[in-house]
Amino acid sequence: MKGFSMRRFSVLPLALMLILAAWICPVIARGAAEKANEGNSKESANESVGGDAEGTGKMTVPDNFVLIKGGSFLMGSPESEAWRGADEKQHRVTVNDFYLARYELTQTEYQEITGQNPSSFSGQNLPVENVSWLAAITYCNARSEKEGLEPVYAIDGQTVTWNRAANGYRLPTEAEWEYACRAGTATPFYVVNSISVEDANYYGHYPYGIEDNYFSQEKLEIKPGQYRETTLPVGSFKPNKFGLFDAHGNVSEWVWDYYGEYDLEANIDPVGPTSGSLRAYRGGGWNDFAKNLRSAYRGSAPPNQGLFNVGIRLARNVAPAGGVVGAPPAIGRGQMDNKAGKVLVAFFSWSGNTRGLASAIQRQTGAELFEIKTIKAYSGDYNLVLEEARQEQKSSALPKLVDSSLNLDLYDTILLGYPNWWASIPRPIASFLKSGDFSGKKIIPFCSHGGGRLGQSVSDIAKLAPKAILGESLSVYYSGDSSLTKAIEGWLAKNGLKKK
Ligand SMILES: Cc1cc2nc3c(=O)[nH]c(=O)nc-3n(C[C@H](O)[C@H](O)[C@H](O)COP(=O)(O)O)c2cc1C
């Protein structure tokens with residue numbers, strides 16, 4: 001029995017609109033998009049440009065790279081931007097010229113170099129995804145070597161340093177990425193104020209601002225559209241003004257920087273914090289609400305984890321820059337491989353589905369079970385709880401939890417369960433994560449959802465508990481189906497947890 005499944009999270013009256021949207025808004029063919037971009041082709045091409053590391057005065061760049069002319073811009077979002085995060089503090093940044101790939105890296109390109117394809121969707125022209133930050137860095141070096149370029153990164157386990165003078169392939173910095181995505185705009189998206197499913201591949205049922213207009217949608221600039229539930233061939237939509245395709249949507253893209261607070265004083269070609277446990281990714285993916293596609297939105301994940309909506313966009317230097325950047329991650333290798341130790345299953349559930357998952361997990365692990373409860377109960381009415389949850393999320397509320405005798409110090413691993421609420425965690429999970437010290441503990445998320453899988457919940461957990469070690473997460477559609485026991489078994493095994 002699915003406790004909640006009779007009340008799907010989708011909005012039924014929208015069905016007609018969605019069908020219409022699907023009918024009148026076919027994805028623009030890649031060919032057409034390339035044509036639209038012809039004006040920029042002079043800037044890319046196999047042109048020779050000065051400033052290569054060897055000093056030959058020539059650097060051949062693949063013809064699907066764009067020369068991004070440097071400049072100064074406001075990185076982050078203004079306080080007036082709806083659904084901005086506190087981590088998007090606006091500050092002026094200048095970036096120098098660099099090259100950036102027009103397209104997200106395809107599965108063909110990834111496979112040609114590595115012989116592997118980790119992607120969860122399969123198709124030669126689809127972007128590679130499910131590739132960790134470390135795998136992305138490794139790919140960059142391998143491709144540089146194959147093409148006779150100087151590899152940019154020195155990789156020693158989890159420790160990666162970046163030689164900024166090297167001329168090989170690399171990831172863009174967070175600042176380069178945002179500068180290139182904005183392409184001169186200061187609005188939430190490069191398509192200005194809102195983004196439709198004709199502009200980008202995302203969870204189209206939830207356009208920008210739907211959260212504030214869920215029950216009366218006439219104010220929405222963009223109405224709900226198709227949710228394609230898959231990646232699309234790269235370049236399926238019109239490019240931005242710099243000639244870049246899919247900077248919003250399809251897959252998010254790893255950037256070099258550790259995830260952390262912006263250094264508001266680092267204004268010229270910033271490279272992010274000097275240490276951390278998470279790496280940033282940008283742009284939003286096929287599975288994200290529009291709010292998480294915004295030019296300023298920042299995702300974060302552990303460097304050793306692949307995600308089905310995060311891929312790669314390559315960058316190259318125009319001129320060598322000075323210095324070597326990088327430091328060991330704040331969490332050492334030993335900790336990353338830590339043993340499960342004593343395990344707790346902690347969960348929050350509104351309508352019972354997550355509670356059911358937690359019990360099933362408890363039965364397989366024999367771990368202790370702990371329910372996260374708020375002092376003030378949520379409404380039992382679906383429409384009202386949607387509104388309560390929206391308001392809490394918007395204000396980053398930390399609802400008070402019922403006092404418990406739980407002693408977190410006793411546990412090494414916390415299997416943390418919750419329903420997906422508005423593409424993130426219910427705020428009681430934030431209260432729980434703020435209630436104790438999770439440093440060095442392993443948090444393994446599991447989530448019950450109505451179609452949005454994990455949303456950005458794992459990134460949000462990572463931000464709330466940056467010193468915890470994040471395990472591989474599990475998402476289950478409502479209360480799951482007959483394959484649930486096997487799915488839990490596989491997930492536990494992936495996380496190195498034994499059945500009792
Ligand atoms: C306030 C609220 C917000 C929700 N937001 C989402 C969402 O963004 N994406 C999604 O897939 N499902 C969403 N759902 C559906 C729930 O994730 C889903 O019904 C889940 O199974 C509920 O788990 P529970 O029974 O443990 O509360 C939402 C449900 C509620 C009540």
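The model is predicted, so local features need pLDDT of at least 70 and side-chain atom pairs count only at pLDDT 80 or more, while totals for chains, interfaces and linings use all residues. Residues are numbered from 1 along each chain as its sequence is written.

The chain has eleven helices and 18 strands. These elements are DSSP runs, numbered from the N terminus: helices are H or I with at least four residues, and strands are E with at least two. Of the 500 residues in the chain, 49% are buried. A residue is buried if 20 or more other C-beta atoms lie within 10 Å of its own, exposed if 12 or fewer, and partly exposed in between, with C-beta atoms placed from the backbone. Contacts were also computed; two residues are in contact if their C-beta atoms, placed from the backbone, lie within 7 Å. Among contacts between residues at least 6 apart in sequence, 73% join residues at least 24 apart.

Strands of a sheet pair through backbone hydrogen bonds, either parallel or antiparallel. Here, two strands pair if DSSP finds at least two bridges between them. Strand β4 (residues 98-101) pairs with β11 over three bridges, in the antiparallel sense. Within this pair, L100 has A315 in β11 as its bridge partner.

The other open sheet runs in the order β5-β6-β12, again with antiparallel pairing. Its edge strands are β5 (153-156) and β12 (324-325), and each pairs on one side only. Strand β6 (residues 159-163) joins β12 over two antiparallel bridges. W162 stands opposite V325 in β12. Helix α4 (residues 133-146) lies across β5 and β6, at about 130° to β5. Such axes are lines fitted to C-alpha atoms, for helices over the stretch in contact, and angles run from 0 to 180 degrees between N-to-C directions.

Helix α5 (residues 174-182) is largely enclosed by the rest of the structure, because nine of its nine residues are buried. Among them are E174, W177 and R182. A183 follows α5 and has a positive phi, near 45°. The loop between α5 and β7 (252-258) holds V251. V251 is buried, with 34 other C-beta atoms within 10 Å. Leaving aside neighbours within four places in sequence, V251 is in contact with residues including E104, P127, T231, W286 and V310.

Strand β15 (residues 413-419) is also largely enclosed by the rest of the structure, since seven of its seven residues are buried. T413, L415, G417 and P419 point one way from β15, whereas I414, L416 and Y418 point the other way. Strand β13 (residues 343-347) pairs with β15 in the parallel sense over five bridges. In this pair, A346 stands opposite L416. β15 also pairs with β16, in the parallel sense over seven bridges. L415 has I444 in β16 as its bridge partner. With helix α9 (residues 427-434) included, β15 and β16 make a right-handed β-α-β unit. A crossover is right-handed if, with the strands pointing away from the viewer, the path from the first strand over the helix to the second runs clockwise.

Most residues other than glycine have a negative phi. W422 is not a glycine, yet its phi is positive, about 50°. W422 sits in the loop between β15 and α9. W422 is buried, with 25 other C-beta atoms within 10 Å. R453 has a positive phi of about 45° and is not a glycine either. R453 is in the loop between β16 and α10 (457-464). R453 is partly exposed, with 19 other C-beta atoms within 10 Å.

The ligand is surrounded by 24 residues, and the closest are N353, T354, P419, G450 and G452. The elements giving two or more residues to this shell are α7 (353-365), α8 (382-394) and β16 (442-449). α8 gives the most, with three residues. By class, the shell has eleven nonpolar, 13 polar and no charged residues. Ala, Val, Leu, Ile, Met, Phe, Trp, Tyr, Cys and Pro count as nonpolar, Asp, Glu, Lys and Arg as charged, and the others, Gly among them, as polar.

Conventions: A residue is near a molecule or strand if its C-beta atom, placed from the backbone, lies within 6 Å of it.
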